[in-house]
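Subject: Structure handover

Hello,

The sequence and structure are below, and my notes on them follow. Please read the notes with the coordinates open.

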Amino acid sequence: MRNIWQNVRTLYGIPRASALFVYMLQSVEYRAWPYLVWFWQTQQFGAVMHRRTLELTRAARFLRAGLFVGMLLQLAGGITLLYLGWHNLVTGGIWFGLALIMSYPLVWAHVVAVVSVVGQIAVIGPREARHIVLAERIFASHPGRRIAIAGSYGKTSMKELLVTVLGEGKKVAATPANQNVLSSHARFANSLVGDEDIVVVEFGEGKPGDVKRFTDVVHPTDAVITGIAAAHLDRYKTIVAAASDIFSVATDMPADHVYVNTEAEEAAAFMREGYQGYDRRGALGWRAQNISVDITGTRFELTKGTQTLRLASQLLGLHQVGPLAFAAALGLSMGLTEMQVVTGIGQTKPFEHRMQPYQLAGAWIIDDTYNGNLEGIRAGTELLASLEAKRKLYVTPGLVEQGDQTAAIHQTVGDLIAKSNPDVVVLMQNSATEHIQTGLTAAGYKGKVMVQTDPLDFYQHLDHFVAAGDVMLMQNDWTDNYR
Amino acid sequence: MKTVAVIFGGRSAEHDVSIVTALSSIIKPLELTKQYRVIAVYITKDGRWFTGEKLKDIHLYQSSKLEEYLAQTKSTGVVFDHGLKLLVPTRVGRKEVAIDIVFPAMHGTYGEDGALMGLLDMAGVAYVGCGVAASAIAMDKVLAKQLAVANGIPVSMFLSFQKADITDDTVGVVTQITAKLKYPIFVKPAHLGSSIGITRVQNDTELTNALEVAAYYDNLIIVEEAVQNLIEVTLPIMGLANNPQPALLEKPLTAAEDFFDFDTKYLQGGKKGGGKKGGTTGSQGYSQIPAKLPKDIYAQAGHVGLAVYTAFGCSGTARVDMLIDSKAGKVYFNEMNPLPGSLYAHNWAQAGVSKVALVEKLIEYALVRYAERQKLATTFDTNFLKQF
């Protein structure tokens, strides 16, 4: 009863409803189908806009204003018909009027989806197509090395790593933040001056054929494949399909310009003769040894023949050794001095929400909430197991977009968590929770499990959960459109 | 899911402090455990009981909306019926809500002094914290010192007087005091907390005035000789009486000649004389955790604290205040606080116990003690009435 009343208040309040529909559309990147699925699965519309608020971009303002006016007009039309029907001026006016009044939220919730689709096809699509054609020309004629970063995880980290290390001796440009789709590649191409030694472009695959399309536009001279894991399986269906798309970046380039993180088992089947692997043992003929990891960072030696580099990075975890070794080795192969490489590696630090440690109430929190795949969880739990702490806490809502492998993958998540043996596991109540709990139980986990029903409330009160000497690892985060 | 009633506010000078304790250190952490249904029970300054979700919001108390809210809300009733039940008002009447555990967050009179605990014992409900005896003794500074002395725990020299002694013959009382104690001397009402009515005096005139002030607040007055070369420390402790666990010894960063009065403690954030650097902001302002003291003194203070906790029969949590003569290397028991402000969660956090873990442990102790009490026989059948 309470839900019904709240839904009525939310949906029939025109300003609130118009903001809500645009928020939902914006959260799924203006894709009509996920928006409609979300709309029809929602039981409490008042609780939808919970984690964040509507970002008032130009498109959002336009849609919100359109919705506001549309709903207002329908309501006014309904009231008018009701009035006319009541005074017997229009036959059936009462019923038509009531129908218009009752249905305006439902009607406009769907109209906005149609507008979004039409907008994509008629306006945004053609405009982006023009920009992409132009970008293709810019990339094709660029004299620098164009390094494509592809993979199921670790792309942004690798991009930042290369920018930081190679930037010590070369002029490097890279796609900003986690902007990694064609439209952002096109904007990035426009920003290139032409005198860059190295151009780094992140490929953010989401559906079959994405990487091929990116490759056709960017024309990379080198490719770094950061790893293969279960991600976006709602669209790819299988890991093999995802890996095939990711490895398509290497189709038309010399094999020795393809660098693959071989720590992910799934990558092995796609390795070809001449591809260069890297992992925690080393990269490009350099060997990593004497590795040590703590909450402040990762240290190791990189040796080749009589040469030895002592490297220290603020990045956390054994899984970072491979990418760090690769960035260092690539830098040296491109003519950077040893000093430049050591300095560059020394400047690498965790990126926001990616294995980023900070202190709270005397405890260490490792924020890895941008992680979104099983390999990241494997790396995180491995790190947690290796750290010294009075008490260890592990927090996750699970992984999104795992398709029909959701249950199996989350049971593996439970297994990995159990193996890192934290004192407390905090899960967020959602569709993945019971699978993680099954995995924990199957692995014989004996610690404490807490299930939080309100993730935002939990994150806002982290200081209540930790004390001096604790280490808490937080992995993954679910936005409002996932349940 | 068990229902926990957090009772706060009350007819006490520490009413507002109690609100902060309940809202910051008890209700939210309890809710975050997702193990309990938490009911906020607010007692007004005139003794009316209220429940409601809005009472969990600190902004209600910080604004002028509290009176408005209370005027529009029906008060809550209490029933003893196989335990404690609240009669919570609804739109059509009142509904009974059975309480499994009570978490008192009351400071001072009618709450921390054992009065509430007596009520809860009568109701036969599990509750967090010290029982009637420990609470009542702790709130009586004279009884507390006498109990400490009886258990071989060192205390500073003290005397006690009834209000009537002072009003009838102030000069005689002053003479008695100066014959046995040396200045500087502290004059305190025996039953008030939060340093209310306490005065530090250096001569007979100040002593006379201080006695009159203390007698204004209380019927029993305690007069203590000040400890020289003073270092004040406090030690939060939790656990059952037979297995107390200390947190970290804490040293308020005040000048040696200062003491924390109510204004300093709660209104100035403990910054009397300017907070010194290197401290932690706790419920009592700036303090050093753990206190930087010679190892043997630190250990001695720990022993005194635990001895007090056991001697008083504390349970759940308490905080023991001690005075150290730094030159003589001697630790004296000063006061025992059966419900530390904000549970001294800041100290426990530094000792490795989070706010959530702290309330979970306190609930656990409450349930253990309750189960043990249930095993005790308090009634038995006799043929006494038949013989009457």
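In chain A, the axes of helix H5 (residues 93-141) and helix H7 (residues 182-191) come within 8 Å and cross at roughly 55 degrees. Axes here are lines fitted to C-alpha atoms, for helices over the stretch in contact, with angles running from 0 to 180 degrees between N-to-C directions. H5(A) and H7(A) are therefore oblique to each other; angles under 35 degrees count as roughly parallel, over 145 as roughly antiparallel, 65 to 115 as roughly perpendicular and the rest as oblique. The crossing of H5(A) and H7(A) is left-handed, meaning that the near helix is turned anticlockwise from the far one by less than a right angle (clockwise would be right-handed).

Two conventions before the rest. This is a predicted model, in which local features need pLDDT of at least 70 and side-chain atom pairs count only at pLDDT 80 or more, while totals for chains, interfaces and linings use all residues. Residues are numbered from 1 along each chain as its sequence is written, with chains lettered from A and ligands numbered from 1 in the order in which they are written. Helices (H or I, at least four residues) and strands (E, at least two) are DSSP runs, numbered from the N terminus.

Back to the helix pair: H5(A) contributes Glu128(A), His131(A), Ile132(A), Ala135(A), Ile138(A) and Phe139(A) to the contact, and H7(A) contributes Leu182(A), Ser183(A), His185(A), Ala186(A) and Ala189(A). Residues are in contact if their C-beta atoms, placed from the backbone, lie within 7 Å. By class, the residues of this contact are 7 nonpolar, 3 polar and 1 charged (Ala, Val, Leu, Ile, Met, Phe, Trp, Tyr, Cys and Pro count as nonpolar, Asp, Glu, Lys and Arg as charged, and the others, Gly among them, as polar).

Val112(A) also lies in H5(A). Val112(A) counts as buried because it has 24 C-beta neighbours inside 10 Å; the cut-offs are 20 or more for buried, 12 or fewer for exposed, and partly exposed in between. Leaving aside neighbours within four places in sequence, Val112(A) is in contact with Phe21(A), Leu25(A), Leu63(A) and Leu67(A).

The largest nonpolar core has 198 residues, and those with the most contacts inside it are Ala325(A), Ala328(A), Val6(B) and Met322(B). Such a core is a set of buried Ala, Val, Leu, Ile, Met, Phe, Trp, Tyr and Cys residues joined through C-beta atoms within 7 Å. Helix H11 (residues 321-333) of chain A gives the largest share of this core, 9 residues. Apart from it lies another core, of 22 residues, including Leu11(A), Tyr30(A), Phe45(A) and Ala113(A).

Between the chains, 12 residues of chain B are in contact with 15 residues of chain A. On the chain B side, helix H1 (15-33), helix H12 (345-350) and helix H13 (355-375) each give two or more residues.

Some backbone points remain. Cis peptide bonds join Tyr183(B) to Pro184(B), with omega about 0 degrees, and Ile289(B) to Pro290(B), with omega about -10 degrees. Pro184(B) is in the loop between helix H8 (170-180) and strand S10 (185-189) of chain B. His353(A) has a positive phi, near 65 degrees, and counts as partly exposed, with 13 C-beta neighbours inside 10 Å.

Regards

Methods
Contact = placed C-beta atoms within 7 Å.
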